[in-house]
Amino acid sequence: MQFEKDCIFLRLLVCHRFLQQGLRVLEGLAASGLRSVRFALEVPGLHSITANDFSSKAAALIARNAQYNGVGHLLQASCRDASMLMYEMRKKKDRYDVIDLDPYGSPVTFLDAAVQSVSEGGLLCITCTDMAVMAGNSGETCYSKYGSISIKAKYCHEMALRIILHSLDQRAAVYQRYIQPLLSVSVDFYIRVFVRVFTGQATVKNSASKQALLYNCIGCGSFHLQRMGRKTINGKNVKYSAATGPPVGPECQHCGHRHQLGGPIWAEPIHDLRFVQKVLSAVSGNPSRFGTSKRIEGVLSMVTEELEDVPLYYTIDNLSSTLHCNTPPLLQFRSALLHAGHRVSMSHACKNAIKTDAPPAAIWDIMRCWEKTNPVKREKLSPTSPAFKILSCEPSFEACFRVREDANPQSRKRHLTRFQENPQAFWGPKARAKAGGGISMNLQDKRKKCQNKRKGQITDSSQLKNFPCKKFKKVQVYQSCLIYFALTVGLPFTIVVLENSAFNDGCVI
């Protein structure tokens, strides 16, 4: 998590320049308080830091760490429920300038209090680690938490970023507030968003036009966005109305399959490029100050290269898998899009991503042209498969795969650290801490205990008689009930043992 700590520290350095009287910082779920201690030691001009945790042991540890590092005059330890603490600081004079929420799992229970207790133009730093929910494994759970249905697709990590931004904007709009995303990143096993919160009744009316529903084809993976609202400007007059749609028919026009409906998601830019450039300049000016400066520079450089007005992305390997053909080289495919007059970029969320403003029809035309030079065995394709339907149509234009100079982004040319490998095996989020403060079972021990239960199965039929029948317990209970009934009523009964009956070791009354 060193990368995340360096990132939030850089944001505070940049934000400090806009608020010279000092920042009031709240770390709602501080644990040992090491992040708050680092803020107090390295961020100049802070007014105060509140490091809060619901655990009394953690709060005592925070106070001890603050005194040990000599920042007790600046850092205050708190043992409160984070939501109640923020609710009590909703008055304008009491609000925090920076609120950092980094829970284990979902932050959804703290969002309502956070958007109310942050100051005007203040910074919210939110981390989500419940990626199984936000990446499409449990769409119904995602809707109950964030008010949006997630879809299991290749663009799931960027969609997760847009889901949390939608949820933040929806909760802020209740209190006539709106968000301005500064930076939204998907790294390692979590997502992290940095947003500013403002108040404005007129601007809040734009909220519906910033959200969009998502139509995703279950066959070929083509997707379309449908804005939930429409804003019309006529001179000084602004009119808001419901959007018209849908943008797709009952079946996909490319492969004939149905569509999944996801969202709503945030459809506006998820980064503020000017802010990202300032952060990038700060880390480039003093790279030795941060342990993860190379990775920060690589990720932020990719962020500046992304098409900010194009939500979501395709992946080259998924396009090739749909057609069962060879995968085109990245630079050739990007060049084909550029030759066709479209914009294209990569995404920090996926190394094989293709973010482009080209419609799905143009993308599949390029893939058809690629298939002509790298043909597939069409006789083996099922007539109902997406590949058969897509390849049965001729491309509307001839794609040019000659590599262009601008097809290779600068971050790739400079060989920046963009997608870092895991430092060790089984690296990632560990088991949840116990409520009493004890150490949870080692993840590898838990895996050995709960998995491979049937690895040592008995194959010798002579040993199978040592195991009772699956219905033995039920039969035994049924026989006991009959015997008890016979004894109670006073009826005579005889127990007959059946050696070769279907119920092994059973008996009949």
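**Helix 11 and beyond**

Tutor: The buried residues of helix 11 are F275, V276, V279, L280 and V283. They span an arc of only 135° around the axis, so they lie on the same side of helix 11. The other side of helix 11 has R274 and G285, both exposed. Bear in mind that this is a predicted model.

Now the geometry. Helix 11 covers residues 273-285, which is 13 residues. From first C-alpha to last, helix 11 reaches 18 Å. That is close to the 18 Å expected at 1.5 Å a residue.

Next, the surface. I233, V238 and Y240 make a nonpolar patch of about 270 Å². One of these residues, V238, sits in strand 11, residues 237-242. Is V238 buried, partly exposed or exposed? Its relative accessibility is 42%, so V238 counts as partly exposed. The reasoning needs two cut-offs: buried means under 20% relative accessible area, and exposed means over 50%. V238 falls in between, at 42%.

Last, the cysteines. A disulfide is a covalent bond between the sulfur atoms of two cysteines. How many disulfides does a search of the whole structure find? The search finds zero. Two cysteines can still be placed by accessibility. C393 has a relative accessible area of 40%, so C393 is partly exposed. C400 has 31% relative accessibility and therefore also counts as partly exposed.

Technical notes: Residues are numbered from 1 along each chain as its sequence is written. This is a predicted model: local features need pLDDT of at least 70, side-chain atom pairs count only at pLDDT 80 or more; totals for chains, interfaces and linings use all residues. Side-chain values use heavy atoms; hydrogens and water are left out. Patches are made of residues with over 30% relative accessible area and no salt bridge: like charges are joined within 9 Å, nonpolar side chains (Val, Leu, Ile, Met, Phe, Trp, Tyr) within 5 Å. Accessible areas come from the Shrake-Rupley method with a 1.4 Å probe; for residues, only the protein chains shown count as cover. A salt bridge is a side-chain nitrogen of Lys or Arg within 4 Å of a carboxyl oxygen of Asp or Glu. Helices (H or I, at least four residues) and strands (E, at least two) are DSSP runs, numbered from the N terminus. Buried means under 20% relative accessible area, exposed over 50%, partly exposed in between (1.4 Å probe, protein chains only). The expected span of a helix is 1.5 Å times one less than its number of residues. The arc is that of the directions from the helix axis to the C-beta atoms. A disulfide is a pair of cysteine sulfur atoms within 2.5 Å.
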